[in-house]
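Reader: Please take one part of this model and go through it closely. I would like to know how it is built and what it packs against.

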Amino acid sequence: MKYDVLVLGAGIVGASTAIHLQRRGLTTVLIDREAPGRETSFGNAGLIQREGMYPYAFPRHFGALLHYARNRSTDVRYHPSALPGIASFLARYWHHSAPHRHARIARQYSTLIEHCVTEHKTLISLAGADDLLREGGWLKVFHQRAALDAAHLEAERWQREYDVPFERLEATQLQRDEPSLSATLAGAIRHTASNSIRDPGELVTRYAQYFTSIGGRIIRGDATTLSPHWCVQTTEGEIEGRHAVVAMGPWSDKITKALGYRLPLMVKRGYHRHFRPDSGASLNQPVLDAESGFLIAPMRQGIRLTTGVELALRDAPRTPAQLAAVEPLARRLFPLGTPVEPTPWMGCRPCTPDMLPIIGPAPGHRDLWFAFGHAHHGLTLGPVTGRLIAEMLTGTPTLVDPSPFRADRF
């Protein structure tokens, strides 16, 4: 029961990392308490965001802060009881969201983002998951023309700075492309270089199946039992690895804290529910209502309605009020029918205050590696992160400069 590498966490980041390590000839085992792709990676909007160079910043303007402080916004809600515990994190998040700092972060972040589509396509091809890939981009739709014009200017800036293409769709073109959407929309911005996935949980399952087909192993176990140098308790007994990779998303701090690290990690919770399309309606691509802060996406399970951000402690009781608030708005945007599931799903996005993931060696332990903190872009950056970890672990040239993502920056 000895391996070259133990990868802890079988979400999109862990599964991608395990593939890259196994393909480089390292005996690798993927360890999780659940089947691959059943936790955070199950419930996202399915976007591979090539346009996502600017990670989501904390609002800085007084008017926006006052708006969110009322705690009635459709895109951001918070638990008042959680604020004392996360206030320090939010203050650092606000600090890093200053425009000049945010621009510097985007330059670093873009080095990962620019490879997200090509790295996914490589793994999708290897895993035989082409049926899950939807190419051609996704839409941000707008009710007010002023908001559409502002988004157009932002997209033009992204195109100038990072060569990311887009299309502006006026109302008539939007109706031709998506006839089931509300006819009252002013228009849309289509991010044409991005792709989307028809079932994110199934994509992770396919990646995991490919991993086992090339000799990797998947074992159920409690990753929080990790101890130097490096052992984990599993359903098959204790297993040992020469290296260990922590890729447990919002639960990563359970390991890092036990090993003496105090990395700033907070979660942004989110909800989703699937609905059957009503009256023969169809949706061809994911659609973000940019002014209301919800997204609808055509999935194999139905039309997935996803929420924005809920600021709460990771293990606090579920409060899907945000989903209930946006459902009537979503029904006005698109004819949703009856829900598929009896209750909504909830997941947690692991976030850092500087909006950059933590990717690289642990500063205080030999042969321990970190791969978490991807916030809204876990699906987007899973394969890029996996490749980067594998390259660093094996001492080969890296696809990008990993230094902005090192753990000791905090």
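Author: Helix 6 covers residues 145–162, 18 residues in all. In this predicted model, helix 6 reaches 25 Å from its first C-alpha to its last, close to the 26 Å expected at 1.5 Å a residue. Its buried residues are Leu148, Ala151, His152, Ala155, Trp158 and Tyr162. Seen down the axis of helix 6, these buried residues fall within an arc of 125°, so they line one face of the helix. The cover over the buried residues of helix 6 includes helix 4 (99–113) along with strand 6 (138–142), strand 7 (167–170) and strand 8 (187–191). On the face turned away from the buried side, helix 6 carries the exposed residues Ala146, Leu153 and Arg160. After helix 6 comes aspartate 163, which has a positive phi, near 55°.

Two packed helices are described by the angle between their axes and the distance between the axes. For helix 1 (residues 12–23) and helix 8 (residues 200–213), the axes come within 9 Å and cross at roughly 20°. With angles under 35 degrees counted as roughly parallel, helix 1 is therefore roughly parallel to helix 8. The crossing of helix 1 and helix 8 is left-handed. On the helix 1 side, the contact is made by Ile12, Ala15, Ser16, Ala18, Ile19, Gln22 and Arg23. Helix 8 contributes Leu203, Val204, Tyr207, Tyr210 and Phe211 to this contact.

Technical notes: Residues are numbered from 1 along each chain as its sequence is written. This is a predicted model: local features need pLDDT of at least 70, side-chain atom pairs count only at pLDDT 80 or more; totals for chains, interfaces and linings use all residues. Side-chain values use heavy atoms; hydrogens and water are left out. Helices (H or I, at least four residues) and strands (E, at least two) are DSSP runs, numbered from the N terminus. The expected span of a helix is 1.5 Å times one less than its number of residues. Buried means under 20% relative accessible area, exposed over 50%, partly exposed in between (1.4 Å probe, protein chains only). The arc is that of the directions from the helix axis to the C-beta atoms. Contact means heavy atoms within 4.5 Å. Axes are lines fitted to C-alpha atoms, for helices over the stretch in contact, and angles run from 0 to 180 degrees between N-to-C directions. Angles under 35 degrees count as roughly parallel, over 145 as roughly antiparallel, 65 to 115 as roughly perpendicular and the rest as oblique. A crossing is left-handed if the near helix is turned anticlockwise from the far one by less than a right angle, and right-handed if clockwise.
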